[in-house]
Amino acid sequence: MDEGLNAADLHEHVLEYIFSYLSLHDLKNCSIVCQRWSSIINHNENNDIWRLHAIRKLPDEAIKSDLLSSTPTYKAKLRAFYHAWNPNDCSKNIYIKANQFTLHRNPVAQSTDGSRGKIGFSHGRHAWEVIWEGPLGTVAVVGISTREAALQCHGYVALLGSDENSWGWNIVDNHLLHNGDSQGNYPLLNNPPKYQVGERIRVILDCDDNTLSFEKNYEFLGVAFKGLPDKKLYPTVSAVYGNTEVSMVYLGPPLDG
């Protein structure tokens, strides 16, 4: 007489459906408990587990937009969502749009405003893309900061890079900034091209080597900062132009070569 099925006997598609209703924390635990479960969960990043999780979490406009073209799988899109701009860690003059990946700076005069990502990094290697989707204004800075760095100040200034807790690249004049001082021109090219609105800047944070680098149009521009502190560092931007918008898409570990 059949004493009933156990989880090990269930078909792969049935397990996918069940796993799609578990929290990400529980999915991680399932991956640890059983090798077969781990294979079902992680082998295909476009399976129903990740597709249904992504559909529940991400706005439909984000999933279908070109903004997430660098994250081709549902799992990658979901991961990018959990690393996107933090609506609770930005200037009062900034709000996060409905797609969850794009910030909008309100047209407030004589103010510089910044935003940080939801998750900071102190270990490993990480890459994300920043896309400026509106005018740059006189100062537009891309980089990283600790939690201690300010995200709003009076005037139109290079806020990111203005203290010891932030490091930035002003893509308007191609200067590196830290601790309130210019750290030199970047990239080190003769007559480097100016940033064009809509271009994707890839930011590469290496917490193992304590360096920050940038790519543009898939060209590596060199190491921008060395000797970063062993602190949790967050994707950050600061902007001055009213109604400008900046998107950030986390990619995961950078691909070398």
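Colleague: Which helices do the buried residues of α4 pack against?
Modeller: They pack against α1 (12–19), α2, α3, α5 (60–64) and α6 (74–82), where helices are DSSP runs of H or I with at least four residues, strands are E runs of at least two, and both are numbered from the N terminus. This is a predicted model, in which local features need pLDDT of at least 70 and side-chain atom pairs count only at pLDDT 80 or more, while totals for chains, interfaces and linings use all residues. Residues are numbered from 1 along each chain as its sequence is written, and side-chain values use heavy atoms, leaving out hydrogens and water.
Colleague: And which residues of α4 are buried?
Modeller: In α4 (residues 48–57) they are Ile49, Trp50, Leu52, His53 and Ala54, with buried meaning under 20% relative accessible area (1.4 Å probe, protein chains only).
Colleague: What reaches the backbone nitrogen of isoleucine 49 at the start of α4?
Modeller: A side-chain oxygen of asparagine 47 does, coming to within 3.1 Å of that nitrogen.
Colleague: Switching to the sheet, what is the strand order?
Modeller: The open sheet has seven strands in the order β2-β3-β15-β5-β11-β12-β13, paired antiparallel, and two strands pair if DSSP finds at least two bridges between them. Because β2 (94–96) and β13 (219–225) each have a single partner strand, they stand at the edges, with one side of each left without a neighbour in the sheet.
Colleague: How many bridges join β5 to β11?
Modeller: Seven bridges join β5 (residues 125–132) to β11 (residues 200–206), and glutamate 129 has arginine 202 of β11 as its bridge partner.

Technical notes:
Buried means under 20% relative accessible area, exposed over 50%, partly exposed in between (1.4 Å probe, protein chains only). Contact means heavy atoms within 4.5 Å. A polar contact is a pair of N or O atoms within 3.5 Å; within protein, one must be able to donate a hydrogen and the other to accept it, and residues adjacent in sequence count only if both atoms are side-chain atoms.
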